[in-house]
Amino acid sequence: MNIKLLSIISIFIILTSCKKTEENIAIDTTITENTNQELSESDILKLDYLDFGLDEKTEHVIENWQEYYQLQDVVNNVKKGDLGFFKNNEEIIKTLLTDLKKNIPAPVNTSATLARIQVLETKIYKLESLSNLDTTTKDELNSTIKEFLVSISNLNFQMNKKLEKDSQNIQKP
């Protein structure tokens, strides 16, 4: 009687452990599919955010701010789905961000603009770290790209508003 009971329990354990192996294989396949980081331009275009450009006044004021235009080149590449700038490029990123903060044109050099640049710096470092990880999912990468694009858009908006406010001549009675 004990041998029958022991045999039945052994067969039950073997059958349930085989089923778990199949589930583990299915889970491993799902994880591999989710970590695919290939992004296309259409994936980026699907992101829902408000993209502010620069006004003519702002463009005129910052026309000699080369670091900003280097950053715009990076933004244009990211919008095309190209994250090559962020692949093992830590020194160039650090230099770009340092020079970006150091060479702000005087008319837009305010604490609000510096705050937007600080947020942008954080998002750039986050995007750089996630794009270099093999375990990053496409959804995480899309979310981080959206945060990066929103931060550059907010910087543009802040510079536009600063110059708009400066151009207003309000006379006090």
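Analyst: Let us begin with burial: a residue is called buried when its relative accessible area is under 20%, exposed when it is over 50%, and partly exposed in between. The model here is a predicted one.

User: Which residues in α6 are buried?

Analyst: In α6 the buried residues are Thr113, Ile117, Leu120, Glu121, Ile124, Leu127, Glu128, Leu130 and Ser131, and the elements that cover them include α4 (66-79), α5 (90-102) and α7 (138-167).

User: What span should helix α6 have, given its 22 residues?

Analyst: The expected span is 1.5 Å times one less than the number of residues. For helix α6 (residues 111-132) this gives 32 Å, and the end C-alpha atoms are 32 Å apart, which agrees.

User: How many salt bridges are there?

Analyst: The criterion is a side-chain nitrogen of Lys or Arg within 4 Å of a carboxyl oxygen of Asp or Glu, and by this rule there are eight salt bridges. One of them pairs lysine 79 with aspartate 51, with their closest N and O atoms 2.9 Å apart; lysine 79 belongs to helix α4 and aspartate 51 to the loop between α2 (41-45) and α3 (56-61), so this pair links distant parts of the chain, 28 residues apart.

User: Which helices hold glutamate 147 and lysine 126?

Analyst: Glutamate 147 forms a salt bridge with lysine 126, their closest N and O atoms being 3.0 Å apart. Glutamate 147 lies in helix α7 and lysine 126 in helix α6, so the pair ties together parts 21 residues apart in sequence. Lys123, Lys126 and Glu147 are linked in a network of salt bridges.

Note on methods
Residues are numbered from 1 along each chain as its sequence is written. This is a predicted model: local features need pLDDT of at least 70, side-chain atom pairs count only at pLDDT 80 or more; totals for chains, interfaces and linings use all residues. Side-chain values use heavy atoms; hydrogens and water are left out. Helices (H or I, at least four residues) and strands (E, at least two) are DSSP runs, numbered from the N terminus. Buried means under 20% relative accessible area, exposed over 50%, partly exposed in between (1.4 Å probe, protein chains only). Contact means heavy atoms within 4.5 Å.
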